[in-house]
Amino acid sequence: MAPYTGTRTPRVEDPRLLTGTGTYVDDVVRPGMLHACFVRSPVARARIAAIDVSEALRLDGVHAVFVAQDLNSGVHEQWYTLNGPEDPDTPRPPLAADEVRFVGDPVAMVVAVDRYRAEDAAELVVVDYDELPPVVDYATALESTESVHATHPGNLVGELAGRPMEELAPVFEDAPHVVGVTIRQQAYCPVPLETRGIVAEWSAPAGEMTVWAATQSPHEVRSFCARLLGVDEHRVRVVMRDTGGGFGQKVLPQREDMCVLLAAAKLPAALKWIEDRQEHLMAAGQARHEHGEARLALDDEGRILAATLDHVQDAGAYPTPSPVQSGLAVGLLFPGPYRIPQGTFRSRFVFSNTSGRVAYRGPWQFESMAREVLLDTAARRIGMDPVELRRRNMLRREDLPTANFNGMPYDHITPYETFEQALEMLDCPAFRREQEQARAQGRYLGLGTCTYVEPTAGATPFHGTEGATIRIEPSGKVNVYVAGGSCGNSLETTVVQLTADALGAAIEDVSTIQGDTALTPYGAGTGGSRSGPMTAGAIAETAAGLRDRILAIAGHRLEVAVEKLELTGSRASVTGDPEKSLTLAEIADIAYFQPHAMPPGVPAGLEASGRYRSPHLMIWANATHLCTCEVDIVTGGVKLLRYIVSEDCGPMINPSVVEGQIYGGTVQGIGGALYEHLAYDEDGNPLATTFMDYLLPTATEVPVIELGHIETPSPGPGGHKGVGEGGAIGSAPAIVNAVADALAPLGVEIGRLPLTPASIVELVEQAGVMTP
Amino acid sequence: MADDIDIRIRVNGLPRRATVPPRLTLADFLRVNCGLTGTHLGCEHGVCGACTVLLDREAVRACLVFAVQADGSDVTTVEGIASPDGELSVVQAAFREHHGLQCGFCTPGFVVSVTAFLAENPKPTDEEIRAALSGNLCRCTGYQGIVNAVRAAADREDSV
């Protein structure tokens, strides 16, 4: 029987999700459940002079109104497993105590019988604010005399750097060509369609907390909750069944979650908080807000001699987690898939009185934005086609293994192959001819690419292992238990495929249980494009021993050597004599109910747990995004014409799942390049707190996305590579380059994002072109 | 506060009677009072389309309709789309076959919207499909599988 891995196995999640019978956190109902609503700051920065909750408390149906004094002192310990307790962290109070630090900062939490009543009461909480001058613009915050946090004068969260920039000065001084660009990327954010949400139920007699959460990592929610409340970890149970998108946003609990957990321990019934969309766009966090000055030194033939990046990133007021550790990746990955003999970077992370930075699908994406825009700009300035410049500098198979100038070790990647495949799918020469003809008619067509390498399944201490338990029930049916955290990642389907293959079971005999910390092995959850390789490792590790036991039992009963048996379709049969066989059900029956018939030394039952430990620091994936567009210089509208992704994620577990991840990530990047902007005015008021203002791409803006695959196995389990994040890394830079290419005849260079119609019209006008 | 109001609504074929506050949205009535949690709330201001239900066979956003406005009406939610024995409708089956869903949160809104759209326009062009889908937001699929699913459902003879 052909393996299931590699096939378009229909998703096991679909029947419940298509019929409205999934279980998202807002679908959880508990006896006597209460509902929370936050009172949030309407100003960007102010001292809290007084809070009067008396009128709110008088309202029928209101159980409690919590302010900082009621909750914040309940925090026992507060840190994320990824960072550990010793890492320098940024402040994270449950409720604002002395000062509010962004519009949306939670000041009080109302608890009432339903959300309607809780919102009524929230309006009755009176807060006196003494306004302070806010630090809205992170880019000037380092020079500000005002501090977002008094603990951090000058607003610097932290700084990381490679070798000193001065060391590169001679290369730049002597180079025939030096090109520099400054790119300013706007704030945009993950925006899962399901907002944040949590239900917490405390049992005082038992000293147990049960939590239902919209999360990418139920086990991290459990660890965090246990530390926060000072409750033993095994007395906390976290359950998630369906989570409506995460994209990094739901990888860690945030301040509102802390409030709900702390308050629940004081309440007689479960407490539910479901964020509304306005709260989400105000307070769930921002990402991508950063800028950098990127420089390139080239020789006469367009070969890169050196590259540098001076990068500054907005942390907002309360980042989740501290951005310093994860922000390092921007500088480390800046060299990308190019032969760049030397270079360096500096990254600074800066507080502002805005929504805090959160993880977002490819959190280091700015490395690609800075590098790929720099390459296109360099090509145009030295009079070379950007395609040709890349061909001269891109890493090829014969260059591997290698390390970039920051010491990142590359192998098992195919950037050049994906680049050429994407160009061939386009028919690049034909496009250039079409572009030339269009220009002659006063139409502006452009081509942009982005090629990147991406570390997946990174083996941090938190992420570097993953467990699985496989239980073959007495009937021969199989349950596989993994930590879960699937938020649309199709992890149930892929785990079932992998397990069926690993055990030789028919796929309809395999089911999976995920997302409940009381049942599943510990695991870090979904994030860092880790689930494919890491669960494949966990299942292989666990299934191997179980398979041996199955075969040993069958061989003993059939009186044949184990080597003569094959295990497929839930049946162990003698090679060449298929009549002589036992079904998995018969083998399970022996294992559970006929201990006398067991071979010596083989334990009874058919259950095993295993834990995979990745020996790989990371598993590299890579891709090229390519798009063509037409820009209307009068309206500033950008129409995407063709969109091509050529990627190498190794052998695919399920092509439909892989394609879905690439499509989704790509469209998030399209939104980031052209539409989405979590903007603030100069007083720090958020300007995009509804979907009328925060513009997400719809089916009419998105082109058909064409995919090409190059398949190079990784050294990891099954040769698989992670694929969750890449689409969101490569797309925005490719689009920016396409628009820049379209407008190049006008002398336009792009330095500020997003490329809204208004900003494009402004660029065209600044270039001095008269529009009709 | 205004007095509660008696309403009668037929939901997925079952008659429901309730006494509700005038400000209760149809979405909350379906989710909380009827326990039909398939209708999802993604924005509560009428943009994302996740809460789309059929009100007298017309697709509406249940977050923008008060339960009292639906008094006397027939409502179909995503729970009422498949056969009683659980067999997926043509639209639902096409979404599954073409990977038209990932996290599934927007899916009920898409399924209901597309069901209404194909009932009204059984043979749409590709452009009409994209225009019809533009009132529903999805963050996972990039719409590729969804567009293909609607095309496939429309191309089936028995789509309606």
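**Two chains, domain by domain**

In chain A, the C-alpha centres of domain 1 and domain 3 lie 39 Å apart. This is a predicted model, in which local features need pLDDT of at least 70, side-chain atom pairs count only at pLDDT 80 or more, and totals for chains, interfaces and linings use all residues. Residues are numbered from 1 along each chain as its sequence is written, while chains are lettered from A and ligands numbered from 1 in the order in which they are written.

Start with the layout of chain A. Domain 1 covers 17-132 + 194-244 + 250-283, domain 2 covers 290-457 + 616-766, and domain 3 covers 460-613. These bounds come from an automatic or database domain assignment. Where domain 1 of chain A meets domain 3 of chain A, 17 residues of domain 1 and 16 residues of domain 3 take part. Contact here means that the C-beta atoms of two residues, placed from the backbone, lie within 7 Å. On the domain 1 side, helix H7 (218-229) and strand S11 (236-239) of chain A each give two or more residues. H7(A) provides the largest share, four residues. Helices (H or I, at least four residues) and strands (E, at least two) are DSSP runs, numbered from the N terminus. By class, this side of domain 1 holds six nonpolar, six polar and five charged residues. Ala, Val, Leu, Ile, Met, Phe, Trp, Tyr, Cys and Pro count as nonpolar; Asp, Glu, Lys and Arg count as charged; the others, Gly among them, count as polar.

Seven strands of chain A form an open sheet with mixed pairing, in the order S3-S5-S1-S12-S9-S10-S11. Two strands pair if DSSP finds at least two bridges between them. Direction ignored, neighbouring strands are turned by 20° against each other on average. S3(A) runs antiparallel to strand S5 (residues 106-112) of chain A, and five bridges join them. A:Val67 has A:Ala108 in S5(A) as its bridge partner. Helix H4 (residues 115-124) of chain A lies across strand S1 (34-40), S3 and S5 of chain A, at about 30° to S1(A). H7(A) packs on the sheet too, touching strand S10 (208-213) and S11 of chain A, and its direction makes about 145° with that of S11(A). For such angles, axes are lines fitted to C-alpha atoms, for helices over the stretch in contact, and values run from 0 to 180 degrees between N-to-C directions.

A second open sheet in chain A has five strands, ordered S7-S15-S14-S13-S8, again with mixed pairing. Strand S7 (156-161) and strand S8 (177-185) of chain A stand at the edges with a single partner strand each, so one side of each has no neighbour in the sheet. The twist from one strand to the next averages 10°. S8(A) pairs with strand S13 (residues 290-298) of chain A in the antiparallel sense, over nine bridges. A:His177 stands opposite A:Leu298 in S13(A). Helix H10 (residues 323-333) of chain A packs on this sheet, touching S7, strand S14 (304-316) and strand S15 (342-351) of chain A.

Now to a helix pair. Helix H16 (residues 531-558) and helix H17 (residues 584-593) of chain A pack at about 95°, with their axes 10 Å apart. H16(A) and H17(A) are therefore roughly perpendicular; angles under 35 degrees count as roughly parallel, over 145 as roughly antiparallel, 65 to 115 as roughly perpendicular and the rest as oblique. H16(A) brings A:Ile550, A:Ile553, A:Ala554 and A:Arg557 to the contact, and H17(A) brings A:Ile587, A:Ile590 and A:Ala591. That makes six nonpolar, no polar and one charged residues.

14 residues of domain 1 of chain B are in contact with eleven residues of domain 2 of chain B. Between the chains, 41 residues of chain A are in contact with 42 residues of chain B. H18(A) gives the most to the chain A side, with six residues. The model scores ipTM 0.98 and pTM 0.97.
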